[in-house]
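Please examine the structure below.

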Amino acid sequence: SEAELVLDQGEIQRDDMAVPISEIALQLKSGDVGELFDFALQLQQTIPLRIGSIGKFEREFEHDSALNAMQAPRIVKAAELELAPTVNVEQGFLSIVVNCLDQIQGNEAGVAHGNATESVHQMRVGLHRLLYALGFFSDVVPCPFLLHDELKWLATELGAVRDWEVLAGDTLPEIIASHSD
């Protein structure tokens, strides 16, 4: 197989603002996509990496938006998914999983930076949708035990974060407002 690896490292600057960049892009030029993932996993053993699914144009737009307004990360809800009656089980499974992963990864920035409570909620929704899909298709495509465990762990951790956000943002203000003493 042949792949291209591009390293972007530095920062995008505008006036007195800067957004740091440290990214590796892998693109399969020829061969088996599985070998590309194997290569990425080998890199992961020595370099801390996160998977991202947005292209260079979207990354540049995100960085430009961050510089323009230092905006809060966008909230990504589940995209509508319509499967044609002609899709087979594999195609349906992949479409559903990709749809869930898009929602999960789309909310990563809001969760990681801790400034978007709705991002936590939407990431949890995406994780639960993914877990349900993996369970629904388990007879055809069994989910590796370790992956299932990690997804459940993350959903549990985000559940605790969401519970705290609801307590601090909704419940406590209501209690304080209704009890002047």
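Q: How many aromatic pairs does the structure hold?
A: The model is a predicted one, in which local features need pLDDT of at least 70, side-chain atom pairs count only at pLDDT 80 or more, and totals for chains, interfaces and linings use all residues. Residues are numbered from 1 along each chain as its sequence is written, and side-chain values use heavy atoms, with hydrogens and water left out. Rings of Phe, Tyr and Trp (its six-membered ring) pair if their centres lie within 6.5 Å; planes under 30 degrees apart count as stacked, over 60 as edge-to-face and the rest as tilted. The number of aromatic pairs in the structure is two.

Q: Why is the pair of F93 and F137 classed as it is?
A: The ring centres of F93 and F137 are 5.2 Å apart. Their planes stand at 65 degrees, so the pair is edge-to-face.

Q: How many residues apart in sequence are the parts that F93 and F137 tie together?
A: Helices (H or I, at least four residues) and strands (E, at least two) are DSSP runs, numbered from the N terminus. F93 lies in helix α3 (residues 89-106), whereas F137 lies in the loop between α5 (117-136) and α6 (145-178). The pair therefore ties together parts whose separation in sequence is 44 residues.

Q: Which residues form one aromatic cluster?
A: The rings of F136 and F137 have centres 5.1 Å apart and planes at 85 degrees, so this pair is edge-to-face. Buried means under 20% relative accessible area, exposed over 50%, and partly exposed in between (1.4 Å probe, protein chains only). F136 is exposed at 68%, while F137 is buried at 10%. The aromatic cluster is formed by F93, F136 and F137.

Q: How many disulfides are counted?
A: A disulfide is a pair of cysteine sulfur atoms within 2.5 Å. C100 is buried at 0% relative accessibility, and C143 is partly exposed at 21%. By the sulfur distance rule, the number of disulfides is zero.

Q: Which residues does L131 touch, not counting residues up to four places away in sequence?
A: L131 lies in helix α5 and is buried at 14% relative accessibility. Contact means heavy atoms within 4.5 Å. With residues up to four places away in sequence not counted, L131 touches H148, L151, K152 and A155.

Q: Which helix gives the most to the lining of the second largest pocket?
A: On a 1 Å grid over the protein atoms alone, a pocket is an open set of points where a 1.4 Å probe fits, with protein on both sides within 12 Å along at least five of seven lines; lining residues have an atom within 4 Å of a point. The second largest pocket holds about 1,200 Å³ of space, a volume being the space filled by probe spheres set on the points, which are joined across faces, edges and corners. Of its 28 lining residues, the closest to the centre are I51, L101, Q105, L147 and L151. With eight residues, the helix that gives the most to this lining is α3.
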